[in-house]
Amino acid sequence: MAGRIDPSDPDRHLSLRNDYYSYKRRVPSVIGALDSRFPTVRLALGTNDLGLARLKRDIYERADDELWASFLEGSDRLAAEARYKSSIRKAVALGFTYRHLGKP
C-alpha cells in the first residue's frame, strides 16, 4: 500500500538535509486534533552519523508511539503529554537534544 512505512526499514522516519539527519513522521489523522505537531513531526537530530541518527530516531519513535496510543485509548491528555515529556527528558539526559524544526 502506497505511503506505508515499512517497520523493518532501518532508516524509517529519517530524512537527510544538508548532510544532517532529522526525524520526520506523519501524525495519524485520527489524533491530529490532539497533537499540536499535526500533520508532521519534524525534529532535528543534530548529527550526520547514520548510526547515531537511528538511535535518536528510536527514542523519539517510541515516545510518539506511546503518546499516540495514550490518545487513542482515551487516556488523560495531560498525563499522556507528561509521559511524553518525560521520555524526551530521558533522551536529553542521554546526550540527545530535542529541537522541534517547526513548519517549513
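Contact here means heavy atoms within 4.5 Å. With that in place: among contacts in the protein chain with a separation of 6 or more, 59% are between residues 24 or more positions apart. Before I go on, please keep in mind that this is a predicted model.

Let me start with the overall layout. The protein chain has 2 helices and 3 strands, and along the sequence they follow the pattern β-β-β-α-α. There are 104 residues, of which 35% count as buried.

The 3 strands form an open, antiparallel sheet in the order S1-S2-S3. Strand S1, residues 14-17, and strand S3, residues 40-44, are at the edges, and each has a single partner strand, so one side of each has no neighbour in the sheet. From one strand to the next the twist averages 30°. Strand S2, residues 20-26, is joined to S3 by 5 bridges, and the two run antiparallel. If you want a place to look, Lys24 stands opposite Arg42 in S3.

Across the sheet we have helix H1, residues 50-73. H1 lies across S1, S2 and S3 and runs at about 20° to S2.

Next, the charged side chains. The count is 9 salt bridges. What does Glu61 pair with? One partner is Arg12, with the closest N and O atoms 2.9 Å apart. That pair links distant parts of the chain, since Glu61 is in helix H1 and Arg12 is in the segment before S1, 49 residues apart. Are these two buried or exposed? The cut-off for buried is under 20% relative accessible area. Glu61 is at 11%, so Glu61 counts as buried. Arg12 is at 14%, and therefore buried too.

Glu61 also meets Arg57 in a salt bridge, at 4.0 Å from N to O. Here both residues lie in helix H1, 4 residues apart, which is about one turn of the helix. Arg57 is buried, with a relative accessible area of 3%. Put together, Arg12, Arg57, Asp58 and Glu61 are linked in a network of salt bridges.

The last pair is Arg37 with Asp64, whose side chains form a salt bridge at 2.8 Å, N to O. Arg37 is in the loop between S2 and S3 and Asp64 is in helix H1, 27 residues apart, so this pair too links distant parts of the chain. Arg37 has a relative accessible area of 8% and is buried. Asp64 is buried as well, at 0%.

Terms used:
Residues numbered from 1 in each chain as written. Predicted model: local features only at pLDDT ≥ 70, side-chain atom pairs only at ≥ 80, totals over all residues. Heavy atoms only, no water. Pairing = 2+ DSSP bridges. Axes fitted to C-alpha atoms, helices over the stretch in contact; angles between N-to-C directions. Buried < 20%, exposed > 50% of the residue type's maximum accessible area, 1.4 Å probe, protein only.
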